[in-house]
Amino acid sequence: MASSDLQFLASPGGRLHGTLRVPGDKSISHRSIMLGALAEGVTRIRGFLEGEDSLATLHAFRALGVTIEGPEDGRVTVHGVGMRGLQAPAAPLDLGNSGTSMRLMSGLLAGQGMDVTLVGDASLSRRPMRRVTDPLVAMGARIEAAEGGTAPLRIRTGERLQGIDYRMPVASAQVKSCLLLAGMFAQGDTCVHEPAPTRDHTERMLQGFGYPVRREGQTVCLSGGGRLRACNIDVPADISSAAFVLVGASIAEDSDLLLEHVGMNPTRAGVINILRLMGADIQVLNLREVGGEPVADLRVRSAALHGVRIPRDQVPLAIDEFPALFVAAACAEGETVLTGAEELRVKESDRIQAMADGLQTLSVAAHPTPDGIVIQGGPEIGGGTVHSHGDHRIAMAFVIAALRANREIAITDCANVNTSFPGFVELVRAAGLRVRAAHG
Ligand code: S3P
């Protein structure tokens with residue numbers, strides 16, 4: 001696991017230019033391993049994210065007896081074992097920092113008739129897991145969290161699962177996906193109702209693997225007992241990683257950047273909608289469909305941003321992009337107000353508090369609220385040392401902030417940037433950011 005003393009030192013100023021492709025989509029990479037493992041036949045993946053989170057999923061499936069070749073230059077070959085072919089692992093599965101691995105795999109494994117324990121790092125071991133264990137128990141699973149409803153999660157052999165009709169109390173793609181994956185192994189139908197649309201990669205990919213999924217309004221259903229057929233997967237670049245450069249090129253003067261092959265699934269595109277609302281100049285070029293997911297090239301140029309009230313319906317569609325968007329708000333003229341985003345408090349860190357603290361250190365007026373933040377933007381931000389709390393997206397957001405800072409920004413505890421964006425420093429340096437990594 002990465003060491004915690006890695007710092008990023010970002011010098012003020014710079015502009016972003018050129019053409020670049022950010023690494024593969026994390027959500028799609030996880031799911032490609034999971035469904036590939038359970039499929040009949042060989043699944044070939046390209047564009048796989050070679051970050052620690054998706055590698056945690058890959059290693060876990062190897063420990064469950066699946067032969068997986070790669071990754072090599074984004075190529076992974078999964079030799080599927082079929083719906084009933086996983087083997088009980090010899091030791092607990094360590095999922096590192098990855099909430100997606102833990103929540104999706106808890107559902108996938110709950111119906112396998114095997115004993116297995118899921119563990120994670122300190123951050124993952126603080127995150128709420130009852131949101132998955134409660135409905136899984138209602139389906140008949142034997143799964144227990146630690147006191148406080150956190151990892152480790154212990155799954156024990158039990159009776160066959162029963163389908164469930166579940167109204168999710170929070171808009172969570174991880175919970176929805178967990179229950180759909182469990183539902184494949186359950187008797188009867190499993191239906192999940194979401195209070196607001198969330199990313200639908202699981203549904204799309206299940207269909208790509210030949211597993212029928214039905215959607216009616218905000219409810220998605222499948223019947224247990226089906227099978228998955230191997231297929232080829234082309235993972236687009238991660239819009240959540242692209243978000244940092246979209247914001248960077250918007251706030252830095254004289255920037256003009258082309259981002260290639262970015263995943264444009266409408267359930268993920270909130271960041272583009274919100275940035276455009278703020279006045280950003282983002283062109284969507286060559287929109288096409290690749291393997292059931294929309295993909296485009298994005299041209300982004302500097303623009304004078306202004307503060308906005310972020311529409312609540314955009315919140316789940318941009319849930320991972322708020323650290324970057326708060327930096328955009330700090331550089332925008334006027335006030336930006338976010339509400340309805342309490343979920344940000346239970347991500348890899350409490351992202352509302354971590355961003356408010358860091359922005360205040362940089363002399364930005366940022367006021368946290370229970371479910372959001374109010375930020376007064378301005379032409380310039382200060383420098384200083386900010387803490388990432390080991391959260392990859394907080395670390396990357398403050399690197400981008402240096403484009404409009406008047407002094408150096410030092411960011412602590414940055415090793416987890418490798419969970420989602422390996423090669424971040426090299427890539428953004430090549431595009432024009434003045435940042436270097438240093439061991440503190
Ligand atoms: C994810 C869903 C989101 C997101 C996470 C990835 C997924 O979490 O924040 O980074 O791949 O399903 P929630 O479902 O908790 O909102």
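Residues count as buried under 20% relative accessible area, as exposed over 50%, and as partly exposed in between (1.4 Å probe, protein chains only). The model is predicted: local features need pLDDT of at least 70, side-chain atom pairs count only at pLDDT 80 or more, and totals for chains, interfaces and linings use all residues. Residues are numbered from 1 along each chain as its sequence is written, and side-chain values use heavy atoms, with hydrogens and water left out.

His261 belongs to strand E15 (residues 256-263). Its phi is positive, about 60 degrees, although it is not a glycine. Asp413 is likewise not a glycine and has a positive phi of about 60 degrees. Asp413 sits in the loop between strand E22 (409-412) and H12. With a relative accessible area of 27%, Asp413 is partly exposed.

The chain holds 12 helices and 23 strands. These are DSSP runs, numbered from the N terminus (helices H or I, at least four residues; strands E, at least two). Of the 440 residues, 61% count as buried. The C-alpha trace spans about 60 × 45 × 45 Å along its principal axes. Contact means heavy atoms within 4.5 Å. Among contacts between residues at least 6 apart in sequence, 74% join residues at least 24 apart.

Helix H3 (residues 99-110) packs with helix H5 (residues 173-183) at an angle of about 30 degrees, their axes 6 Å apart. H3 is therefore roughly parallel to H5. Axes are lines fitted to C-alpha atoms, for helices over the stretch in contact, and angles run from 0 to 180 degrees between N-to-C directions. Angles under 35 degrees count as roughly parallel, over 145 as roughly antiparallel, 65 to 115 as roughly perpendicular and the rest as oblique. H3 contributes Gly99, Thr100, Arg103, Leu104, Ser106, Gly107 and Leu108 to the contact, and H5 contributes Gln174, Ser177, Cys178, Leu181 and Ala182. By class, this contact has 5 nonpolar, 6 polar and 1 charged residues. Nonpolar covers Ala, Val, Leu, Ile, Met, Phe, Trp, Tyr, Cys and Pro; charged covers Asp, Glu, Lys and Arg; the others, Gly among them, are polar.

H3 also meets helix H4 (residues 130-138): the axes come within 10 Å and cross at roughly 15 degrees. H3 and H4 are therefore roughly parallel to each other. H3 passes H4 in a right-handed crossing. Arg103, Ser106, Gly107 and Ala110 of H3 touch Arg131, Val132 and Leu136 of H4.

Gln7 lies in strand E1 (residues 6-10). Gln7 is partly exposed, at 25% relative accessible area. Beyond its neighbours within four places in sequence, Gln7 contacts residues including Ala410, Ile411, Thr412, Cys414 and Arg436. Arg429, in helix H12 (residues 424-431), is partly exposed at 47%. Arg429 and Gln7 are 422 residues apart in sequence and 15 Å apart in space, C-alpha to C-alpha. Arg429 touches Val435 and Arg436, residues up to four places away in sequence not being counted.

Two cis peptide bonds can be described. One joins Gly70 and Pro71, with omega about 5 degrees; Pro71 is in strand E4 (residues 67-72). Another joins Ala151 and Pro152, with omega about 0 degrees; Pro152 is in strand E9 (residues 150-156).

Definitions and conventions: A crossing is left-handed if the near helix is turned anticlockwise from the far one by less than a right angle, and right-handed if clockwise.
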